[in-house]
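This briefing goes through one protein model, from its overall make-up to a few local features. Please keep the sequence and the structure in view while reading.

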Amino acid sequence: RERLEVIRDILKSIRENRNIKPTRLLYSSNLSPQMFKEYVDELLGKKFIKLGITDDDKKFFTLNEKGHEFLEQYKSIENFIENFGL
């Protein structure tokens, strides 16, 4: 997978599984723990996702507005490419 596809997949997993826990997201991303951490750190730093903590100190991820916008724009690009049969 290319970098943007990995980012899309991570963001889609977070969108589809609201309040997804880090371990579950790691498994769904199909990345090594080191690569997963690099992607998540970048997405957190660029404010695509947010790390939350429950009352019982469990961590979870949610999408920020920027993450939602990325997924919408990515879908537009996919549709554009499909329209040209590529």
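Helices (H or I, at least four residues) and strands (E, at least two) are DSSP runs, numbered from the N terminus. This is a predicted model, in which local features need pLDDT of at least 70 and side-chain atom pairs count only at pLDDT 80 or more, while totals for chains, interfaces and linings use all residues. Residues are numbered from 1 along each chain as its sequence is written, and side-chain values use heavy atoms, with hydrogens and water left out.

**Overall make-up**

- Four helices and two strands make up the secondary structure of the protein, in the order α-α-α-β-β-α from the N terminus on.
- Along the principal axes, the C-alpha atoms fill a box of roughly 50 × 25 × 20 Å.
- The protein has 86 residues, and 33% of them count as buried; buried means under 20% relative accessible area, exposed over 50%, and partly exposed in between (1.4 Å probe, protein chains only).
- The accessible surface is about 6200 Å², with 50% belonging to carbon and sulfur atoms; such areas come from the Shrake-Rupley method with a 1.4 Å probe, and for residues only the protein chains shown count as cover.
- Among contacts (heavy atoms within 4.5 Å) with a separation of 6 or more, 49% link residues 24 or more positions apart.

**Helix α3**

- Helix α3 covers residues 33–45, and its 13 residues should span 18 Å at 1.5 Å a residue, which agrees with end C-alpha atoms 18 Å apart; the expected span is 1.5 Å times one less than the number of residues.
- F36, Y39, V40 and L43 are the buried residues of α3.
- These residues lie on the same side of α3 because they cover an arc of only 95 degrees around the axis, the arc being that of the directions from the helix axis to the C-beta atoms.
- Their packing partners are α1 (3–16), α2 (22–29), β1 (49–53) and β2 (59–63).
- Exposed residues Q34, K37 and G45 sit on the face of α3 turned away from its buried side.

**R8 in helix α1**

- R8 is part of helix α1 and is buried, with a relative accessible area of 15%.
- Apart from neighbours within four places in sequence, R8 contacts F70, L71, Y74 and E78.

**I81 in helix α4**

- I81 belongs to helix α4, residues 65–83, and counts as partly exposed because its relative accessibility is 36%.
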